[in-house]
Amino acid sequence: MFVGVLIKKKFVIKTSENTLRVHSIESFGTHDGPGIRMVVFLQGCKLKCLYCHNPDTIDTHGGKEYAIENLVERAVKMKSYFGKDGGVTVSGGEPLLQSKELVHFFKRLKEEGIHTNIDTNGRLLNHYAEELLDDYADLIMLDIKHMREDGYHMITGQKNKETTFNLAKYREASGKPMWLRYVLIPEITNKPELLHEMGSYFKDYKTIEKIELQPYHKLGIHKWEALGWDYKLKDARENTPEEINQAVHILKQYFKEVKTN
């Protein structure tokens, strides 16, 4: 039996029932939510971000199917390492493309008393994703690609940044915790005017606990080359310490906590 997640009737990730299509699993993640976490990187994404450091997760037909119960058993064995703050994070790729089966996965994790987190670009908000966010996701980390439509399209290859903001509004209405994530690329996303725009947009949100800044790096170039893809940001430079400090200073005017990864 096959099930799938539909996005505007054009995009389906098919898996066998009670399985997830997984790219890889990290057992002791420390940068994907609070505490020590088991991070499940799901396969498949609708975006092709210019700076993606895991481009091999984009292909919707790649990865390996894992039985959800096996993933739960693996997480349960790690509970002693999670402590009071840790748990399981699903990342990608874009995990909400497998929302239907993630409902089952997160429901089982909650039954085992395990904290759940989703790292998402916010491109999908169907009724399965809503159920997941409403009932089973203790935290979401929302990736803000760009504050303007032209910049969003340039970075992701897709139009309509509002999909991300719609998910943010939905999460805010729920009253449940959310973190923001933002990649700093000099002259592209790391511009004072854009940082002020982002701060002004989200300043009245009550659910945002922090924003995590991710300084631009080129660690994923070799993966693009292995796939035979052209890495279009090869000439982009990394941020100077002064530029990072300036970004932190600006955003501290709007957010409770600003962290640099």
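Reader: Which residues of helix α1 (residues 68-77) are buried?
Author: In α1 those are I68, L71, V72 and A75. Buried means under 20% relative accessible area, exposed over 50% and partly exposed in between, with a 1.4 Å probe and protein chains only. Helices (H or I, at least four residues) and strands (E, at least two) are DSSP runs numbered from the N terminus. Keep in mind that this is a predicted model, where local features need pLDDT of at least 70 and side-chain atom pairs count only at pLDDT 80 or more, while totals for chains, interfaces and linings use all residues. Residues are numbered from 1 along each chain as its sequence is written, and side-chain values use heavy atoms, leaving out hydrogens and water.

Reader: Why do you say the buried residues line one face of α1?
Author: Looking down the axis of α1, its buried residues fall within an arc of 100 degrees, so they line one face. That arc is taken from the directions from the helix axis to the C-beta atoms.

Reader: And what covers the buried residues of α1?
Author: The cover includes β3 (19-29), β4 (37-42), β5 (64-67), α2 (79-82), β6 (87-91) and α3 (99-111).

Reader: What does F105 contact beyond its neighbours within four places in sequence?
Author: F105 is in contact with L20, I68, L71, V72, V88 and V90; contact means heavy atoms within 4.5 Å. F105 is also one of the residues with the most contacts inside the largest nonpolar core, alongside F106, M198 and F202.

Reader: What makes a set of residues a nonpolar core?
Author: They must be buried Ala, Val, Leu, Ile, Met, Phe, Trp, Tyr and Cys residues, joined through side-chain atoms within 4.5 Å. The largest such core here has 56 residues. A second, separate core has 17 residues, among them L50, V183, I188 and A236.

Reader: Why does T156 count as buried?
Author: T156 has 1% relative accessibility, so it falls on the buried side of the cut-off. T156 sits in helix α5 (residues 149-156). Setting aside residues up to four places away in sequence, T156 touches L47, K48, C49 and K145. Its side chain also reaches the backbone nitrogen of Q158 at 3.0 Å.

Reader: How many helices and strands does the protein have?
Author: Nine helices and 11 strands.

Conventions
Polar contact = N/O pair within 3.5 Å; in protein donor to acceptor, adjacent residues only side chain to side chain.
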